[in-house]
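Hi everyone, thanks for coming.

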Amino acid sequence: MSTAKATLSALRQRIAAIETTARSVPPAEAASSGSAPAISTSRAGRIALDRDEVDLTLGGGLARGALHEIHAASGADNIAASGFSLALALAAAPAGRTIVWVRQDYAAKEGGELHADGLQALGLDPAALILVQLRDPLAVLRAGGEATRCGALGAVIIEPWGEPKALDLTTQRRFSLAAEISGVTVFLLRPGARPMPGGAETRWQIASSPATPMAMNAPGHPTFDLTLLRHRHGPPGGPWRLEWNRDEKCFQRPTLLRDPATLSRIEPAPHPAERAPFRLAG
Amino acid sequence: MPADAPLLIVEKAKGALVLAAPDPAAIDQGLAPGLSLAEARARISDLAVADHDPTADETLMEHIADWCDRYTPLVARHGERGMMLDITGVAHLFKGEAALLDDLLARLAGFGLTAFGAIAGAPATARALARSRKPVIVPPGREAEAVRPLPVTALGLDPARVQALRRAGLKCVADLIDRPRAPLAARFGADCVERLERLAGIAEHPISPRRLVPAALAERIFFQPIALTDDIAATLARLAVDVASLLEARGEGGRHFEASFYRVDGAVRRIAVATARPNRSPKAIARLFHEKMDALSDPLDAGFGFDLIRLGAFHTEPFLAAQANLDGHALDDEAVADLVDRLGARFGPEHVQGFVSSDTHIPEQRAKLVPVFSIGDRPQVWGGGLETGEPPLRPLSLFNPPEPVEALGEVPDGPPLSFRWRRVLHQVARAEGPERIAPEWWRGGGDTPDRDYYRVEDRNGGRFWLFREGLYAADRPQPRWFLHGLFA
């Protein structure tokens, strides 16, 4: 028994040694290739999501300088997955840093072009976004890899469509390694793809969820149902429901009622046919 | 047919085949351009005939002009068969004017081309002498003397006036040059005098070069042509250092760089890269070329090797040396600009985009995606509904054009109860609106109907941006519903 334990610990040490040597080589490569100055260490840490159950499951928040994969629960939830990725990118990016979004053309054809005013409505200054739109999935992955190596960015969103062959385990491992070196958090957005084992730190499944209504039964803030499908350093979890707060750049639990004053005006999910017709304007 | 039969290039003129360019052997036998092919055949029985291909001629001349760049950056085409090189200040690089001319003509002869050249202080003089097939080098200030023996055709006037000059007994330039100008101008036209003065080097007439002159230029000439990718990359890296130091001396940075590869057989290939901000870091420049050459759809064909590689900075701007702030922000900006350049070099600058706001409230025209390059430091105005605590009023993604939906409303001008988009029925649970966005009549949009926008949420939590085009009214067509965007 004790010999087995000793062997196991010896093996673990060897693996750790291999991993550290593997990771100590690339910084030199990154420096020689003219990438960003070393600022990565100061940004190491975790991104808080809800400061509660989700963060506990993640061991204190979402890891920075890592690869996170985001899937949509269904075709109709692609926009929610995009919104969630952008929200995470905003939570991850230090103020004033540029976010790079590499997108396959087909994603825009299928789900619409990104709208500058809408980006701002989620809290992103459109001027701080560099959008790289490419036709070929391989080019998307290459451009994404190039961006990931640039440590001066706030975050990178890589959005290939479907399940391109080139996006295999090796590529994903390469992304996470590059992210670890540069300190940039990378979100791999996967519209039209099934969740498969890969090299990401976490894998999420996102669905849009009914928002807490505003006054006059108006649709509320972006709200997501998230499921943690995989987590490298812990158990999966969920589903949880989180709401994005643009002003604070953080997620929060949706409150049932936003404002006591609006209480009387909100009917609990009335059936459309029974609802009295009212005019909102004009 | 014997191999040494005179070769005729023929073209179609007025329905008949006419000689466009007989070769020297044919000219020796008395054939001249303009003669019909039938007549030429009648005179000489065995003739080789080929069709005239003006486009191929043009391409060849362009290739030659590109190749001439190796002597001077100031190369101009002149007429169909002429080339004008401004060699001011470059002759010493080729061991003098005579050596330069010899080298140029010898290399052209090596390509199988027949060429004549002359050097003079004025372009018109050199051209006239070259056309008279005299390989002369006119010493400075002796232009008027050199052109004296030339026939009046050297002026390049139209045939009618040449004949008029001949009839007046003015056969060569010497007959004209000593005469008072006013009577000449009165009788043969003002441009006759103008041409005469240009020919004699009295009037200035600059050439117009085909290409921009680089602000900074570095080159390497190889005695032994190089062909290996690594050698080429190393050469570019060294040239980048040279160009960077030239730019540094001027206090500038380049925004557009071009590498020219001169192949031994005369082919010239140019590869250009552009940067988002003035750049003079040799490493960055070399890397951009590396990216670009890696991504070329038609790779650089070294053939038998390049004997001259040149790197020029074309568009330069004042270079403000980056000063690292305490938070390293300036360095970050530079790193991002470098990334933009690299992505632009590899995937094409038009694919690396940023948003620019425009002064309109039509949603699909609110923002334009333009190459990050072309965005200056212009302040941008965005309006996504940014009051604290307000949910997004504009969708994350927008369909352009808006997608038509079938909507069912309860009241004519209220939000829809349900709508069908992409064959899926959505039951509306919540809605807000309308927000009316009217077309801009002052921009000629007065004919399109108003749009009433609604933010709606369906029972599954999907949030949509719908609009109704037009209003329900008796005398108007039924309004249509569109889905314009999706909220996260």
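Which residues in α11(B) meet which residues in α12(B)? On the α11(B) side we have Ala233(B), Leu236(B), Ala237(B), Ala240(B), Val241(B) and Ala244(B), and they meet Pro282(B), Ile285(B), Ala286(B), Phe289(B) and His290(B) in α12(B). By class, that contact has 10 nonpolar residues, one polar and no charged.

Quick housekeeping. This is a predicted model, where local features need pLDDT of at least 70, side-chain atom pairs count only at pLDDT 80 or more, and totals for chains, interfaces and linings use all residues. Residues are numbered from 1 along each chain as its sequence is written, with chains lettered from A and ligands numbered from 1 in the order in which they are written.

Back to the helices (DSSP runs of H or I, at least four residues; strands are E, at least two). Helix α11(B), residues 229-250, packs on α12(B) at about 140 degrees, with the axes 8 Å apart.

Now, what does chain B show to chain A? 64 residues of chain B are in contact with 59 of chain A, contact being C-beta atoms, placed from the backbone, within 7 Å. On the chain B side, α13(B) gives the largest share, 10 residues. That side splits into 31 nonpolar, 19 polar and 14 charged residues.

Note on methods
Contact = placed C-beta atoms within 7 Å. Nonpolar A, V, L, I, M, F, W, Y, C, P; charged D, E, K, R; others polar. Axes fitted to C-alpha atoms, helices over the stretch in contact; angles between N-to-C directions.
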